[in-house]
Structures are given as structure tokens and as C-alpha cells.
Amino acid sequence: MTREGERSTERSEARAIAETCYLLRHAEHEAGQLYLALDATVGISSIFHAAPKEERVEIRAEGYGKAPLHVLMLGSSQEEMLRASVEQYRLARNEHRRSQVTAWINTPLGIDHVAKTLRRLLENEKRSGSNDPARCLDSMSIPHWPHSLSEQQRHMLSRSLPRIACLSLNADLSWILMPDVDTDSLQMHARGAMKQHRVSLVNEAAKVLRRIGVLDIDLERAHQFAASINANVRRRNILDRTILLAHDILLDCEFHSSPTIRLLLDETPEREMALAQKIGELGELELERIRDEMIAQQGAC
């Protein structure tokens, strides 16, 4: 990249950071205090340690020596800290890695209420069978909450902390909107840990697609495809599942369940790159044919 191109990229990034800060402060003016959630397992920058003790809370979790999650208040005078949080989060998201910044929380209630709700989230995950409840609060998991948390967890969050923001997989500010929950059925679906295996699969597929310039992903569709792959594709090889899901997302159809791909799955040994190589040999016209076939089939259902 030329020096002028680098300067243009830097200006674009600076604008994106400033716009995100503005949107977060605007939300704060409308609905109360702004809080920042930090993942201590990634490491917390010194700028965030500057927050006064009375404006920060540590949230402990079983299996961790030190508290894995910190929550701190972003008062109106903490503009440098807010900017640093956006900058750090965007950098991690653009590099497709976990970030120390995991979410911004907007609520008129105090920091103790925020901490209580997040502790309850962790306790519910633990009771539901999660071996590592704190994972549901990392930056690679929070964007998936509407599609991977149990109905009970979604209902609890929508009532207690309805305004939680994160950066989407393409680094845009995104307010998490929980799907409507049928409260009459909550007792029937009382338990269920976050579907972490599915979250990991979607994240791996997003990483693959990012390499070819595909940044904007419909997470709801991606989770539907991933659920079908997990239920119907008997492959332990994570690369095979990732390649299948990436093609599902790219072609916007259940590519993995097409007759052509089912035959490939039957004929291809479960070696590291075997399936990926076979799919790579199909060619653009064959991929388009499969997509048209599957879309027509789905439309007939």
C-alpha cells in the first residue's frame, strides 16, 4: 500500500472510531449511564486500570484464579477511555481475535445491577451444564447471544439489561436485539447452556470468508446453517464443517445438504484437506448450479 493509501486508511479508521464514540454517548444521553465490560483473560490495558475503584466491579467465575470479567463506568469525563475501548475493540475485530473489550452496556441503573445481572448469566450457564460459563461473555461470543443463548437467558437479559452493544463481525456498532420469547414456554425450556460449539463454527467460517473479502454476515442465517450441519453432517473434522458452512453462507443456501455435496461427503475420506480440495475443484458454474437447485428446492417446501 502506498503512503497516501495508508493515510487514507488511517483517516477512515479515525472517522469510524469517532462515529462509534458519538453513537455510544448519544445512547447514554437517551437512556442513562454507559458501562464497559472487559475480558481480563485477554489482558487489560493500563488506561482502563485508571478507573476509580468505586466505578469498577470484578466478576468472578468458577475455574478462574482471578476475576475474568471487569465492569467499569464510563462517565462523561472518560472520553479518552471510551475512545480507547472503541479503538482496541475495532483492532481486535479487524484481526479476527478476542478483544479485551467485550461490550458496552447502557442502563439508568447502577453498576451493582449490571454486575448482578452478569453474575446471574454465568450462574445460569453453570447450572445448565457449561464447563466454562465465562466464555459466553467474551468478545467472540456476545454478538451471537440472540442465536445461541437459551430462551430463559435471552428473556432474563432483555428484562434486566435490554441495551447491550458490541461490534459486529465487520466491526460496526451493533445493539443486541433479543428475539421475542414465548413466556408461557419458558418453564418447558428452562435450561440449556450457550451453544458454544455452534458459535465457534460460525466464527471459524467468518474467518475463512474474511480472507476473501466477505465481511457482512447474517448471523441468524449462519446459525441456522450451522445447526443443520451439526445435526446432519457426520464429520468430526472442524475444517470440513467450516468449509461447508462458509459455502452455505456465501451461496445463501443449504449447500451442505445438496445431493452433490452429500455424495462428496460419502466418497471423500476425513483427512485434513481432502474435502476442501474436492469442493475447490467444483468450479463457479457448478457452485451456481447447486445454489439454484437448493434455492428451488427450499422454495418448493
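Me: At what relative accessibility does Glu 87 count as partly exposed?
Reply: This is a predicted model. Glu 87 is found in helix H3. Partly exposed lies between the 20% limit for buried and the 50% limit for exposed. Glu 87 falls in that range because its relative accessibility is 42%.

Me: How far apart in space are Glu 87 and Leu 264, C-alpha to C-alpha?
Reply: In sequence, Glu 87 and Leu 264 are 177 residues apart. In space, C-alpha to C-alpha, the distance is 44 Å.

Me: What is the C-alpha to C-alpha distance between Met 273 and Leu 239?
Reply: Met 273 is in the loop between H10 and helix H11 (274-280). With 40% relative accessibility, Met 273 counts as partly exposed. Met 273 and Leu 239 are 34 residues apart in sequence. Their C-alpha atoms are separated by 7.6 Å.

Me: Which strands stand at the edges of the open sheet?
Reply: The sheet has six strands in the order S2-S3-S1-S4-S5-S6, with antiparallel pairing. An edge strand has a single partner strand, so one side is left without a neighbour in the sheet. That holds for S2 (56-59) and S6 (173-175).

Me: By how many degrees are neighbouring strands of this sheet turned against each other on average, direction ignored?
Reply: The open sheet in question has six strands. Averaged over its neighbouring strands, with direction ignored, the turn is 25 degrees.

Me: What angle does the direction of helix H3 make with that of S4?
Reply: Helix H3 (residues 79-94) packs on the sheet. H3 touches strand S1 (33-39), S3, strand S4 (101-107) and strand S5 (164-167). Its direction and that of S4 make about 135 degrees.

Me: At what angle does helix H4 run to S2?
Reply: Helix H4 (residues 111-127) lies across S1, S2, S3 and S4. To S2, H4 runs at about 10 degrees.

Me: Which residue in S5 is the bridge partner of Trp 104?
Reply: S4 and S5 run antiparallel and are joined by two bridges. From S5, Ile 164 and Cys 166 point one way, Ala 165 and Leu 167 the other, and all are buried. The bridge partner of Trp 104 is Ala 165.

Me: Which residue takes a positive phi in the hairpin of S5 and S6?
Reply: S5 and S6 pair in the antiparallel sense over three bridges. Leu 167 stands opposite Leu 173 in S6. The hairpin has five residues between the strands. A positive phi near 75 degrees is taken by Ala 171.

Me: Where is His 96 found?
Reply: Most residues other than glycine have a negative phi. His 96 has a positive phi, near 50 degrees. His 96 is buried, with a relative accessible area of 15%. His 96 is found in the loop between H3 and S4.

Me: What positive phi does Asp 252 have?
Reply: Asp 252 is found in the loop between helix H9 (238-251) and helix H10 (259-267). At 42% relative accessibility, Asp 252 counts as partly exposed. Asp 252 is not a glycine, yet its phi is about 55 degrees.

Me: How many disulfides does the count come to?
Reply: A disulfide needs two cysteine sulfur atoms within 2.5 Å. The sulfur of Cys 21 has its closest cysteine sulfur in Cys 166, 16 Å away, so a bond is ruled out by distance. Cys 166 is in no disulfide either, with the nearest cysteine sulfur, that of Cys 136, 13 Å away. The count comes to zero.

Me: What relative accessible area does Cys 166 have?
Reply: Buried means under 20% relative accessible area. Cys 21 is buried at 11%. Cys 166 is buried too, with a value of 2%.

Me: How do the contact residues of H7 and H8 divide into nonpolar, polar and charged?
Reply: The axes of helix H7 (residues 196-210) and helix H8 (residues 219-232) come within 9 Å and cross at roughly 115 degrees. The crossing is right-handed. Arg 198, Val 199, Leu 201 and Val 202 in H7 meet residues of H8, including Leu 219, His 223 and Asn 230. The contact residues divide into seven nonpolar, two polar and one charged.

Conventions: Residues numbered from 1 in each chain as written. Predicted model: local features only at pLDDT ≥ 70, side-chain atom pairs only at ≥ 80, totals over all residues. Heavy atoms only, no water. Axes fitted to C-alpha atoms, helices over the stretch in contact; angles between N-to-C directions. Helix = DSSP H or I, 4+ residues; strand = E, 2+ residues; numbered from the N terminus. Left-handed = near helix turned anticlockwise from the far one by under 90°. Contact = heavy atoms within 4.5 Å. Nonpolar A, V, L, I, M, F, W, Y, C, P; charged D, E, K, R; others polar. Pairing = 2+ DSSP bridges. Buried < 20%, exposed > 50% of the residue type's maximum accessible area, 1.4 Å probe, protein only.
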